[in-house]
Amino acid sequence: MAHVNCISRVLLYSKKARIMKNTLKVERAILNLTQGDLANRIGVSRQTINSIESNRYVPSTVLSLKLSEVFGKPVNDFFTLGEDD
Amino acid sequence: MKMKSIQECERRRAQKLLNYKLPTYWKKIGWAGAILSLVAIMSTSFFDGDFELLKDILRKVVLAFLFTVILAREEVEDERVQNFRAQSFSFAFLAGVLYTLLQPIANWIVFSIFRPERAAFEDLGDFQILWLMLTVYLVFFYILKKRG
C-alpha cells in the first residue's frame, strides 16, 4: 500500500495545489451548509468540495465564480495565494 | 468571417467528440464483460484443442470491454474527475511509449544472458501495449479518485 500512497502523493500534492489557501470551510459554516449542500448548489461532487477545502485541488475559474455567487463575496475573499508564490 | 465560423464549428465538433461519455451503467457492463472474457481465456488452458483463434477474439473483447469502462461517465462527472482523466491518460500514454521502446531491449538483454540462441529483437503485439495502457489508465484513475 506504501507505493500507492507514494504515487497519489506525487500526483496530488503538486506545488500548485500547496500554494493556494482558502477559507471555504468558514464560508460554508457561515451559511450553515454541509459539503454535500454546497456541492449540489454548484453541480460538483462532495469529494470535490472536500478536496478544495483541504487544498488538494485548485478549482477552475468557472467553479471559483460559482462559489463566489453562492457566498456572495468576491473570489479573493476566500481564495488567497500562499507564501511560496 | 466565414473561415472563423468554420473553425468554430470544427472546434465545437471536436470538443463534443472528446467529451462524449457512455452512461454510467456501462461501467458495470464493461467490468463484468472484461472479467468473464479473462476467465474464458484462462479456462481454455484446461481443455484440449486449438483455441488460438478464440483466444485472439477474446483478447479483443477484453480490450473493448475495458475501453467501455474508461468511456463510462462517473456518477458526478465534474471538472475534478475530468482533471483525473487527463492525468491518467497522460500516464497511460507515457507508460505505453516507454514499454514499447524498452520492453524489446529488456527481452533481448535477458535472453542474451540466459538463452543466447533465442536472443532477438521482437516487436510487441497490439494486445500487450493496449492492455498495459488501459490498465495503467484505470489504476491511476482509481488511485486519484480514491485519494484525491
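Reader: Okay, chain B. How many helices and strands are in there?
Author: Chain B of this predicted model has five helices and zero strands. Going from the N terminus, the elements read α-α-α-α-α.

Reader: And what does chain B span along its principal axes?
Author: The C-alpha trace covers about 65 × 35 × 35 Å.

Reader: What radius of gyration does chain B have, and what would a compact globule have?
Author: Chain B comes out at 20 Å, while a compact globule of 148 residues would be near 15 Å.

Reader: How much of chain B is buried?
Author: Buried residues account for 14% of the 148 residues.

Reader: Switching topic: how do H2(B) and H3(B) pack?
Author: Helix H2 (residues 25-43) and helix H3 (residues 52-71) of chain B meet at an angle of about 160°, and their axes are 8 Å apart.

Reader: So are those two parallel or antiparallel?
Author: Roughly antiparallel, because the cut-off for that is an angle over 145 degrees.

Reader: Left-handed or right-handed crossing?
Author: H2(B) and H3(B) cross in a left-handed way.

Reader: Which residues make the contact?
Author: From H2(B), they include B:Trp26, B:Ile29, B:Ala34 and B:Leu38. On the H3(B) side, B:Leu58, B:Val62, B:Phe65 and B:Val69 are among them.

Reader: Last one: back to the whole chain, what share of contacts join residues at least 24 apart?
Author: In chain B that share is 77%, counted among contacts between residues at least 6 apart in sequence.

Technical notes:
Residues are numbered from 1 along each chain as its sequence is written. Chains are lettered from A and ligands numbered from 1 in the order in which they are written. This is a predicted model: local features need pLDDT of at least 70, side-chain atom pairs count only at pLDDT 80 or more; totals for chains, interfaces and linings use all residues. Helices (H or I, at least four residues) and strands (E, at least two) are DSSP runs, numbered from the N terminus. The radius of gyration is taken over C-alpha atoms; the globule rule is 2.2 Å times the number of residues to the power 0.38. A residue is buried if 20 or more other C-beta atoms lie within 10 Å of its own, exposed if 12 or fewer, and partly exposed in between; C-beta atoms are placed from the backbone. Two residues are in contact if their C-beta atoms, placed from the backbone, lie within 7 Å. Axes are lines fitted to C-alpha atoms, for helices over the stretch in contact, and angles run from 0 to 180 degrees between N-to-C directions. Angles under 35 degrees count as roughly parallel, over 145 as roughly antiparallel, 65 to 115 as roughly perpendicular and the rest as oblique. A crossing is left-handed if the near helix is turned anticlockwise from the far one by less than a right angle, and right-handed if clockwise.
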